[in-house]
Amino acid sequence: MAQIFPPVTNTLARASIFGGVFILAGLLWVFSTVDRSSYVTQVGVVREQPVPFSHRRHVAQLGLDCRFCHTSVEDSAFAGIPPTKTCMTCHSQIWLQSEMLEPVRASYRTDRSIEWTRVHDLPDYAYFNHSIHVKKGVGCETCHGRVDQMPLMWQEETLHMEWCLNCHRHPEKYLRPRDEVFTFGYEAEDQTTLGALLVEEHDVAAATTLTNCSMCHR
Amino acid sequence: MSLRQAICVSLSLLALMGCRQDMHDQKKLEPLEKSSFFSDQRASRPQVEGTVARGHLRADSALFEGRVDGKYVAKIPIPVDRALLDRGRERFGIFCTPCHSALGDGNGIVVQRGFKRPETYHQDRLRTAPVGYFFDVITNGYGAMYSFNARLTPKDRWAVIAYVRTLQLSQWATLADVPADERSALEEMR
(Lines give C-alpha, C1' and ligand atoms only; values in the text may rest on other atoms or scores of the structure.)
Protein backbone atom coordinates (compact mmCIF):
# COMPACT_ATOMS: atom_id res chain seq x y z
CA MET A 1 0.00 0.00 0.00
CA ALA A 2 1.26 3.47 -0.88
CA GLN A 3 1.96 5.88 1.90
CA ILE A 4 -1.04 8.05 2.78
CA PHE A 5 1.10 10.91 4.03
CA PRO A 6 4.15 11.76 1.93
CA PRO A 7 7.06 13.28 3.89
CA VAL A 8 6.03 16.79 2.83
CA THR A 9 3.01 16.63 5.16
CA ASN A 10 5.38 16.97 8.09
CA THR A 11 6.24 20.46 6.94
CA LEU A 12 2.58 21.19 6.14
CA ALA A 13 1.52 20.10 9.62
CA ARG A 14 4.08 22.36 11.25
CA ALA A 15 3.10 25.25 9.02
CA SER A 16 -0.59 24.75 9.72
CA ILE A 17 -0.10 25.09 13.49
CA PHE A 18 1.56 28.39 12.75
CA GLY A 19 -0.93 29.33 9.98
CA GLY A 20 -3.95 28.36 12.08
CA VAL A 21 -3.28 31.27 14.37
CA PHE A 22 -3.34 33.60 11.41
CA ILE A 23 -6.47 32.03 9.97
CA LEU A 24 -8.24 32.41 13.31
CA ALA A 25 -7.07 36.00 13.68
CA GLY A 26 -8.13 36.66 10.10
CA LEU A 27 -11.59 35.21 10.68
CA LEU A 28 -11.99 37.34 13.82
CA TRP A 29 -10.96 40.39 11.88
CA VAL A 30 -13.46 39.61 9.09
CA PHE A 31 -16.27 39.14 11.61
CA SER A 32 -15.55 42.33 13.51
CA THR A 33 -15.24 44.35 10.32
CA VAL A 34 -18.49 43.00 8.94
CA ASP A 35 -20.16 43.64 12.32
CA ARG A 36 -19.06 47.28 12.23
CA SER A 37 -19.82 47.82 8.54
CA SER A 38 -22.74 49.96 7.58
CA TYR A 39 -24.27 46.90 5.94
CA VAL A 40 -24.89 45.47 9.42
CA THR A 41 -25.17 48.60 11.56
CA GLN A 42 -27.17 50.58 8.97
CA VAL A 43 -25.15 53.69 9.77
CA GLY A 44 -25.81 56.38 7.20
CA VAL A 45 -28.52 54.37 5.46
CA VAL A 46 -31.64 56.40 4.69
CA ARG A 47 -34.95 54.61 5.31
CA GLU A 48 -38.01 54.73 3.14
CA GLN A 49 -40.73 56.67 5.02
CA PRO A 50 -44.46 56.97 4.27
CA VAL A 51 -44.05 60.77 4.20
CA PRO A 52 -40.71 62.28 3.18
CA PHE A 53 -40.42 64.24 6.42
CA SER A 54 -37.39 66.50 6.40
CA HIS A 55 -35.68 67.52 9.63
CA ARG A 56 -33.57 69.98 7.68
CA ARG A 57 -36.68 71.80 6.52
CA HIS A 58 -38.45 71.83 9.88
CA VAL A 59 -35.47 72.29 12.19
CA ALA A 60 -32.90 74.33 10.27
CA GLN A 61 -35.23 76.35 8.07
CA LEU A 62 -38.27 76.80 10.30
CA GLY A 63 -36.32 76.75 13.54
CA LEU A 64 -38.57 74.27 15.33
CA ASP A 65 -37.30 72.89 18.62
CA CYS A 66 -36.98 69.09 18.91
CA ARG A 67 -39.44 69.19 21.80
CA PHE A 68 -42.21 70.61 19.63
CA CYS A 69 -42.50 67.08 18.26
CA HIS A 70 -40.43 64.79 20.51
CA THR A 71 -42.27 66.01 23.58
CA SER A 72 -41.30 63.35 26.09
CA VAL A 73 -37.54 63.37 25.47
CA GLU A 74 -36.83 65.33 28.65
CA ASP A 75 -38.78 63.25 31.08
CA SER A 76 -39.10 59.73 29.82
CA ALA A 77 -37.04 56.88 28.42
CA PHE A 78 -38.80 57.15 25.08
CA ALA A 79 -38.27 60.33 23.08
CA GLY A 80 -41.67 60.08 21.44
CA ILE A 81 -42.72 60.23 17.80
CA PRO A 82 -45.25 62.99 17.15
CA PRO A 83 -48.90 62.05 16.69
CA THR A 84 -50.57 63.12 13.45
CA LYS A 85 -52.24 65.99 15.28
CA THR A 86 -48.82 67.60 15.80
CA CYS A 87 -48.22 67.74 12.04
CA MET A 88 -51.74 69.04 11.55
CA THR A 89 -51.02 71.95 13.92
CA CYS A 90 -49.44 73.55 10.86
CA HIS A 91 -50.45 71.36 7.93
CA SER A 92 -54.15 72.04 8.48
CA GLN A 93 -53.31 75.24 6.59
CA ILE A 94 -49.90 74.79 4.98
CA TRP A 95 -49.15 72.81 1.81
CA LEU A 96 -52.77 71.67 1.59
CA GLN A 97 -52.47 70.75 -2.09
CA SER A 98 -49.36 68.64 -1.63
CA GLU A 99 -49.59 64.96 -2.58
CA MET A 100 -46.66 64.28 -0.25
CA LEU A 101 -48.78 65.19 2.74
CA GLU A 102 -51.82 63.13 1.77
CA PRO A 103 -50.89 60.25 4.15
CA VAL A 104 -50.83 62.79 7.01
CA ARG A 105 -54.27 64.16 6.17
CA ALA A 106 -55.63 60.65 5.59
CA SER A 107 -54.32 59.59 8.98
CA TYR A 108 -56.03 62.56 10.63
CA ARG A 109 -59.32 61.85 8.86
CA THR A 110 -59.39 58.14 9.58
CA ASP A 111 -57.67 58.14 12.98
CA ARG A 112 -55.18 55.48 11.85
CA SER A 113 -51.52 55.99 12.75
CA ILE A 114 -48.89 56.85 10.18
CA GLU A 115 -46.48 53.92 10.08
CA TRP A 116 -43.02 55.50 10.33
CA THR A 117 -40.08 53.18 9.76
CA ARG A 118 -37.87 52.94 12.83
CA VAL A 119 -34.35 54.17 12.27
CA HIS A 120 -32.67 53.65 15.65
CA ASP A 121 -33.52 50.40 17.35
CA LEU A 122 -31.48 48.83 20.11
CA PRO A 123 -31.86 45.10 20.72
CA ASP A 124 -34.58 44.39 23.27
CA TYR A 125 -32.05 43.17 25.85
CA ALA A 126 -30.42 46.61 26.11
CA TYR A 127 -32.04 49.41 28.09
CA PHE A 128 -31.74 53.03 27.06
CA ASN A 129 -33.21 56.15 28.62
CA HIS A 130 -33.32 59.61 27.04
CA SER A 131 -34.26 61.70 30.06
CA ILE A 132 -31.10 60.97 32.08
CA HIS A 133 -28.86 61.83 29.14
CA VAL A 134 -30.67 65.11 28.51
CA LYS A 135 -30.60 66.04 32.21
CA LYS A 136 -26.89 65.30 32.55
CA GLY A 137 -26.03 67.34 29.49
CA VAL A 138 -25.52 64.96 26.56
CA GLY A 139 -26.59 66.73 23.39
CA CYS A 140 -28.87 65.17 20.77
CA GLU A 141 -26.08 65.92 18.31
CA THR A 142 -23.56 63.74 20.17
CA CYS A 143 -25.62 60.61 19.50
CA HIS A 144 -27.76 61.48 16.49
CA GLY A 145 -25.39 63.70 14.49
CA ARG A 146 -26.46 66.78 12.54
CA VAL A 147 -30.19 66.05 12.54
CA ASP A 148 -30.76 69.63 11.45
CA GLN A 149 -29.03 68.82 8.14
CA MET A 150 -30.83 65.59 7.39
CA PRO A 151 -33.35 65.71 4.52
CA LEU A 152 -34.37 62.19 5.58
CA MET A 153 -33.43 60.51 8.83
CA TRP A 154 -30.43 58.20 9.09
CA GLN A 155 -28.44 56.71 11.93
CA GLU A 156 -25.15 58.43 12.62
CA GLU A 157 -23.56 56.09 15.17
CA THR A 158 -23.30 52.28 15.39
CA LEU A 159 -25.17 52.12 18.74
CA HIS A 160 -22.84 49.22 19.57
CA MET A 161 -22.06 48.50 23.19
CA GLU A 162 -18.49 49.67 22.65
CA TRP A 163 -19.84 53.01 21.52
CA CYS A 164 -22.02 53.44 24.63
CA LEU A 165 -19.13 52.41 26.87
CA ASN A 166 -16.70 54.73 25.15
CA CYS A 167 -18.69 57.62 26.55
CA HIS A 168 -19.71 56.00 29.82
CA ARG A 169 -16.02 55.61 30.64
CA HIS A 170 -15.23 59.25 29.88
CA PRO A 171 -18.43 61.30 29.86
CA GLU A 172 -16.45 64.51 30.48
CA LYS A 173 -15.32 64.46 26.85
CA TYR A 174 -18.87 64.99 25.62
CA LEU A 175 -20.88 66.85 28.27
CA ARG A 176 -22.45 70.23 27.49
CA PRO A 177 -24.14 72.88 29.58
CA ARG A 178 -27.84 72.02 29.91
CA ASP A 179 -29.01 74.85 27.65
CA GLU A 180 -26.84 73.59 24.78
CA VAL A 181 -28.35 70.08 24.69
CA PHE A 182 -30.71 70.97 21.85
CA THR A 183 -28.19 73.11 19.95
CA PHE A 184 -26.55 71.87 16.76
CA GLY A 185 -23.06 72.78 15.66
CA TYR A 186 -22.04 73.47 19.26
CA GLU A 187 -18.35 73.39 20.10
CA ALA A 188 -16.84 74.11 23.48
CA GLU A 189 -13.82 76.36 23.61
CA ASP A 190 -12.03 74.20 26.15
CA GLN A 191 -13.79 70.87 26.62
CA THR A 192 -11.22 69.52 29.11
CA THR A 193 -11.85 72.19 31.73
CA LEU A 194 -15.55 72.52 30.96
CA GLY A 195 -16.10 68.76 31.01
CA ALA A 196 -14.51 68.37 34.44
CA LEU A 197 -16.60 71.26 35.72
CA LEU A 198 -19.83 69.84 34.32
CA VAL A 199 -19.19 66.39 35.79
CA GLU A 200 -19.15 68.11 39.19
CA GLU A 201 -22.05 70.41 38.48
CA HIS A 202 -24.40 67.80 36.99
CA ASP A 203 -23.33 65.25 39.60
CA VAL A 204 -22.44 62.61 36.98
CA ALA A 205 -21.92 59.09 38.29
CA ALA A 206 -18.45 57.50 38.29
CA ALA A 207 -17.26 55.28 35.43
CA THR A 208 -17.46 52.22 37.67
CA THR A 209 -21.21 52.75 38.04
CA LEU A 210 -21.72 53.71 34.42
CA THR A 211 -20.05 50.56 33.09
CA ASN A 212 -21.94 48.22 35.38
CA CYS A 213 -23.58 45.54 33.19
CA SER A 214 -26.89 45.74 35.03
CA MET A 215 -27.24 49.40 34.12
CA CYS A 216 -28.03 48.59 30.50
CA HIS A 217 -28.94 44.92 30.75
CA ARG A 218 -31.66 44.89 33.37
CA MET B 1 -14.53 11.07 6.42
CA SER B 2 -11.84 12.74 4.34
CA LEU B 3 -10.00 15.79 5.50
CA ARG B 4 -11.79 17.88 2.90
CA GLN B 5 -15.23 16.72 4.08
CA ALA B 6 -14.31 17.47 7.65
CA ILE B 7 -13.28 20.99 6.73
CA CYS B 8 -16.51 21.51 4.77
CA VAL B 9 -18.69 20.29 7.62
CA SER B 10 -16.96 22.39 10.25
CA LEU B 11 -17.08 25.52 8.09
CA SER B 12 -20.81 25.14 7.47
CA LEU B 13 -21.35 24.54 11.19
CA LEU B 14 -19.49 27.79 11.80
CA ALA B 15 -21.80 29.59 9.40
CA LEU B 16 -24.86 28.40 11.32
CA MET B 17 -23.51 29.89 14.53
CA GLY B 18 -25.21 32.82 16.25
CA CYS B 19 -28.10 33.41 13.93
CA ARG B 20 -30.98 33.32 16.35
CA GLN B 21 -32.57 36.66 17.13
CA ASP B 22 -34.93 35.70 19.97
CA MET B 23 -33.22 37.96 22.49
CA HIS B 24 -32.95 40.73 19.97
CA ASP B 25 -36.65 40.87 19.22
CA GLN B 26 -38.33 39.67 22.37
CA LYS B 27 -42.01 38.95 22.73
CA LYS B 28 -42.71 42.32 24.29
CA LEU B 29 -43.97 45.49 22.68
CA GLU B 30 -41.96 48.70 22.62
CA PRO B 31 -43.68 52.09 22.78
CA LEU B 32 -45.68 52.83 19.60
CA GLU B 33 -44.75 49.47 18.07
CA LYS B 34 -47.20 47.81 15.69
CA SER B 35 -49.29 45.09 17.27
CA SER B 36 -51.49 42.62 15.48
CA PHE B 37 -53.49 41.98 18.65
CA PHE B 38 -55.54 45.20 18.64
CA SER B 39 -57.80 46.13 15.78
CA ASP B 40 -56.22 49.61 15.41
CA GLN B 41 -52.74 47.96 15.59
CA ARG B 42 -51.52 50.33 18.28
CA ALA B 43 -49.39 48.75 21.01
CA SER B 44 -49.51 51.99 23.02
CA ARG B 45 -53.16 52.00 23.99
CA PRO B 46 -55.05 55.29 23.84
CA GLN B 47 -56.73 56.06 27.15
CA VAL B 48 -60.44 55.49 27.50
CA GLU B 49 -62.20 58.86 27.52
CA GLY B 50 -62.58 60.20 31.02
CA THR B 51 -59.90 58.02 32.64
CA VAL B 52 -58.70 59.35 35.98
CA ALA B 53 -55.47 57.96 37.39
CA ARG B 54 -55.66 57.21 41.10
CA GLY B 55 -54.67 60.31 43.02
CA HIS B 56 -54.96 62.52 39.95
CA LEU B 57 -58.53 63.73 40.13
CA ARG B 58 -58.54 67.21 38.66
CA ALA B 59 -60.99 68.72 41.12
CA ASP B 60 -59.37 72.16 41.36
CA SER B 61 -61.13 73.87 38.47
CA ALA B 62 -59.06 77.06 38.76
CA LEU B 63 -55.82 75.13 38.32
CA PHE B 64 -56.98 72.62 35.69
CA GLU B 65 -59.56 74.59 33.70
CA GLY B 66 -58.75 78.21 34.40
CA ARG B 67 -62.32 78.75 35.55
CA VAL B 68 -64.24 79.06 38.80
CA ASP B 69 -68.00 78.59 38.56
CA GLY B 70 -67.76 78.88 34.78
CA LYS B 71 -66.00 82.27 34.88
CA TYR B 72 -62.36 82.78 33.84
CA VAL B 73 -59.98 83.26 36.74
CA ALA B 74 -58.23 86.62 36.86
CA LYS B 75 -55.18 85.52 38.81
CA ILE B 76 -52.69 82.72 38.12
CA PRO B 77 -53.58 80.04 40.70
CA ILE B 78 -49.98 79.00 41.43
CA PRO B 79 -47.15 81.07 42.93
CA VAL B 80 -45.35 83.08 40.25
CA ASP B 81 -41.61 83.25 40.79
CA ARG B 82 -38.45 83.50 38.72
CA ALA B 83 -38.31 79.72 38.14
CA LEU B 84 -41.86 79.69 36.76
CA LEU B 85 -41.12 82.60 34.44
CA ASP B 86 -37.95 80.92 33.15
CA ARG B 87 -39.88 77.74 32.51
CA GLY B 88 -42.60 79.74 30.78
CA ARG B 89 -40.12 81.51 28.59
CA GLU B 90 -38.58 78.20 27.53
CA ARG B 91 -41.96 76.57 26.78
CA PHE B 92 -43.18 79.66 24.95
CA GLY B 93 -40.04 79.49 22.82
CA ILE B 94 -40.70 75.87 21.92
CA PHE B 95 -44.44 75.85 21.33
CA CYS B 96 -45.66 79.38 20.60
CA THR B 97 -42.91 81.35 18.80
CA PRO B 98 -43.26 79.43 15.50
CA CYS B 99 -46.54 81.31 14.99
CA HIS B 100 -46.82 84.10 17.56
CA SER B 101 -43.11 85.09 17.19
CA ALA B 102 -40.73 85.76 20.05
CA LEU B 103 -42.34 89.17 20.52
CA GLY B 104 -45.91 87.92 20.54
CA ASP B 105 -46.93 90.14 17.65
CA GLY B 106 -48.19 87.18 15.62
CA ASN B 107 -45.64 87.28 12.82
CA GLY B 108 -43.84 83.98 13.46
CA ILE B 109 -42.01 82.02 10.78
CA VAL B 110 -44.92 79.66 10.08
CA VAL B 111 -47.18 82.66 9.57
CA GLN B 112 -44.67 84.02 7.09
CA ARG B 113 -45.04 80.71 5.21
CA GLY B 114 -48.78 81.12 4.89
CA PHE B 115 -50.45 80.20 8.17
CA LYS B 116 -53.32 82.40 9.37
CA ARG B 117 -51.92 85.36 11.25
CA PRO B 118 -52.96 85.50 14.91
CA GLU B 119 -53.68 88.90 16.43
CA THR B 120 -50.96 90.57 18.44
CA TYR B 121 -50.88 90.06 22.21
CA HIS B 122 -50.19 93.77 22.64
CA GLN B 123 -53.68 95.07 22.06
CA ASP B 124 -56.03 96.22 24.81
CA ARG B 125 -58.45 93.32 24.34
CA LEU B 126 -55.79 90.76 25.17
CA ARG B 127 -53.95 92.90 27.70
CA THR B 128 -57.07 93.09 29.79
CA ALA B 129 -58.29 89.54 29.10
CA PRO B 130 -58.29 87.40 32.26
CA VAL B 131 -55.53 84.76 32.48
CA GLY B 132 -58.23 82.10 32.47
CA TYR B 133 -58.99 83.02 28.86
CA PHE B 134 -55.42 82.23 27.80
CA PHE B 135 -55.61 78.96 29.68
CA ASP B 136 -58.76 78.09 27.81
CA VAL B 137 -57.16 78.86 24.42
CA ILE B 138 -54.08 76.75 25.13
CA THR B 139 -56.14 73.86 26.51
CA ASN B 140 -58.92 73.72 23.95
CA GLY B 141 -57.51 75.55 20.96
CA TYR B 142 -59.05 78.59 19.29
CA GLY B 143 -60.15 78.84 15.65
CA ALA B 144 -57.25 77.82 13.44
CA MET B 145 -55.00 77.17 16.44
CA TYR B 146 -54.96 73.57 17.68
CA SER B 147 -54.96 72.73 21.37
CA PHE B 148 -51.71 72.17 23.21
CA ASN B 149 -53.11 70.25 26.17
CA ALA B 150 -51.27 67.06 25.22
CA ARG B 151 -47.92 68.83 25.09
CA LEU B 152 -48.15 71.24 28.03
CA THR B 153 -49.04 70.14 31.55
CA PRO B 154 -51.43 72.47 33.41
CA LYS B 155 -48.49 73.87 35.37
CA ASP B 156 -46.55 74.53 32.17
CA ARG B 157 -49.58 76.26 30.69
CA TRP B 158 -49.65 78.65 33.66
CA ALA B 159 -45.92 79.19 33.25
CA VAL B 160 -46.44 80.14 29.59
CA ILE B 161 -49.24 82.50 30.56
CA ALA B 162 -47.06 84.16 33.18
CA TYR B 163 -44.49 84.72 30.47
CA VAL B 164 -47.09 86.08 28.02
CA ARG B 165 -48.05 88.61 30.69
CA THR B 166 -44.37 89.54 30.99
CA LEU B 167 -44.19 90.05 27.23
CA GLN B 168 -47.26 92.25 27.32
CA LEU B 169 -45.72 94.33 30.09
CA SER B 170 -42.43 94.62 28.24
CA GLN B 171 -43.99 96.10 25.12
CA TRP B 172 -45.64 98.92 27.07
CA ALA B 173 -42.86 99.60 29.53
CA THR B 174 -41.66 103.16 30.05
CA LEU B 175 -38.43 104.49 31.41
CA ALA B 176 -40.15 105.01 34.75
CA ASP B 177 -40.56 101.21 35.10
CA VAL B 178 -36.79 100.70 35.03
CA PRO B 179 -35.07 100.62 38.43
CA ALA B 180 -33.39 103.97 39.11
CA ASP B 181 -29.83 102.63 39.12
CA GLU B 182 -30.23 101.03 35.67
CA ARG B 183 -31.81 104.06 34.03
CA SER B 184 -28.64 105.96 33.24
CA ALA B 185 -27.28 102.97 31.29
CA LEU B 186 -30.38 103.00 29.11
CA GLU B 187 -30.22 106.74 28.62
CA GLU B 188 -26.67 106.51 27.39
CA MET B 189 -27.81 104.04 24.73
CA ARG B 190 -30.34 106.49 23.34
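1. A polar contact here is a pair of N or O atoms within 3.5 Å; within protein, one must be able to donate a hydrogen and the other to accept it, and residues adjacent in sequence count only if both atoms are side-chain atoms. Between chain A and chain B there are 12 residue pairs in polar contact, both at pLDDT 80 or more.

2. Quick housekeeping: this is a predicted model, where local features need pLDDT of at least 70 and side-chain atom pairs pLDDT 80 or more, while totals for chains, interfaces and linings use all residues. Residues are numbered from 1 along each chain as its sequence is written, and side-chain values use heavy atoms, leaving out hydrogens and water.

3. On the interface: 30 residues of chain A are in contact with 31 residues of chain B (heavy atoms within 4.5 Å). The chain A side divides into 13 nonpolar, 7 polar and 10 charged residues, and α5(A) gives the most to it, with 5 residues.

4. I'd also look at the salt bridges (a side-chain nitrogen of Lys or Arg within 4 Å of a carboxyl oxygen of Asp or Glu). The count between chains A and B is 5; B:Glu90 pairs with A:Arg67, the closest N and O atoms being 3.7 Å apart.

5. Then B:Trp158. Not counting residues up to four places away in sequence, B:Trp158 touches B:Ala62, B:Leu63, B:Gly66, B:Val73, B:Ile76, B:Pro77, B:Ile78, B:Val131, B:Gly132 and B:Phe135.

Technical notes:
Chains are lettered from A and ligands numbered from 1 in the order in which they are written. Helices (H or I, at least four residues) and strands (E, at least two) are DSSP runs, numbered from the N terminus. Ala, Val, Leu, Ile, Met, Phe, Trp, Tyr, Cys and Pro count as nonpolar, Asp, Glu, Lys and Arg as charged, and the others, Gly among them, as polar.
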